[in-house]
Amino acid sequence: MTQDPFEPPGTGLITSWIALLDNARHENRVISVRLLSGDSFTGHVTRRGDSVVTVESSDRASGGAREHNLAISAIVSITFESPAGPTGASPA
């Protein structure tokens with residue numbers, strides 16, 4: 001994992017992802033999360049543990065919601081969705 005230049009040695013990018021995920025949850029923002037596998041998920045952060053975040057998305061087919069449990073260490077980018085367009089956060 002690449003070291004984030006804005007954090008002390010030993011903390012890494014996971015701490016940055018956690019801060020962004022917590023902010024999205026607190027502000028009830030819609031985010032898109034892209035993973036190392038290439039998969040991406042869009043929705044609201046409903047829960048966060050030490051290593052896993054739950055993103056809830058709308059399932060248009062059923063009209064319900066789907067929960068996706070994602071490993072924080074597999075995140076490569078987080079994009080905050082807004083009416084004016086997405087604003088992204090990704091490692092340098």
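How many helices and strands does the protein chain have? The protein chain holds 1 helix and 6 strands, where helices (H or I, at least four residues) and strands (E, at least two) are DSSP runs numbered from the N terminus. Welcome to a predicted model, in which local features need pLDDT of at least 70, side-chain atom pairs count only at pLDDT 80 or more, and totals for chains, interfaces and linings use all residues. Residues are numbered from 1 along each chain as its sequence is written, and side-chain values use heavy atoms, with hydrogens and water left out.

**The chain as a whole**

- Starting at the N terminus, the order of elements in the protein chain is α-β-β-β-β-β-β.
- Of the 92 residues in the protein chain, 34% are buried; buried means under 20% relative accessible area, exposed means over 50%, and partly exposed lies in between (1.4 Å probe, protein chains only).
- The protein chain has an accessible surface of about 5,700 Å², and carbon and sulfur atoms account for 51% of that surface. Accessible areas come from the Shrake-Rupley method with a 1.4 Å probe, and for residues only the protein chains shown count as cover.
- If you take the contacts between residues at least 6 apart in sequence, 38% of them join residues at least 24 apart; a contact means heavy atoms within 4.5 Å.

- Strand β2 (residues 40-48) pairs with strand β3 (residues 52-59) in the antiparallel sense, over 4 bridges; two strands pair if DSSP finds at least two bridges between them.
- The two strands β2 and β3 make a hairpin, with 3 residues between them. To find a spot where they meet, look at Val45, whose bridge partner in β3 is Val55.
- On to the next pairing: β3 and strand β4 (residues 64-71) are also antiparallel, over 8 bridges. Here Val53 has Leu70 in β4 as its bridge partner.
- A hairpin is formed by β3 and β4 too, with 4 residues between them, and Gly63 in the turn has a positive phi of about 80°.
- As a general point, side chains in a regular strand alternate between the two faces of the sheet.

**A closer look at Ala65**

- Ala65 sits in strand β4 and is exposed, at a relative accessible area of 54%.
- Apart from neighbours within four places in sequence, Ala65 contacts Glu56, Ser57, Ser58 and Asp59.
- Between the C-alpha atoms of Ala65 and Gly43 there are 9.6 Å, while the two residues are 22 residues apart along the chain.

**Salt bridges**

- You can look for 3 salt bridges in the structure, each being a side-chain nitrogen of Lys or Arg within 4 Å of a carboxyl oxygen of Asp or Glu.
- One of them joins the side chains of Arg48 and Asp22 at 2.6 Å, N to O. Arg48 belongs to strand β2 and Asp22 to helix α1 (residues 12-27), so this pair ties together parts that are 26 residues apart in sequence. Arg48 is partly exposed at 30% relative accessibility, and Asp22 is partly exposed at 31%.
- Another links Glu67 and Arg47, with the closest N and O atoms 3.1 Å apart. Because Glu67 is in strand β4 and Arg47 in strand β2, the pair ties together parts that are 20 residues apart in sequence. Glu67 is partly exposed with a relative accessible area of 44%, as is Arg47 at 41%.
- Arg29 and Glu27 also form a salt bridge, their closest N and O atoms being 3.7 Å apart. Arg29 is partly exposed at 25% relative accessibility, and Glu27 is partly exposed at 42%.
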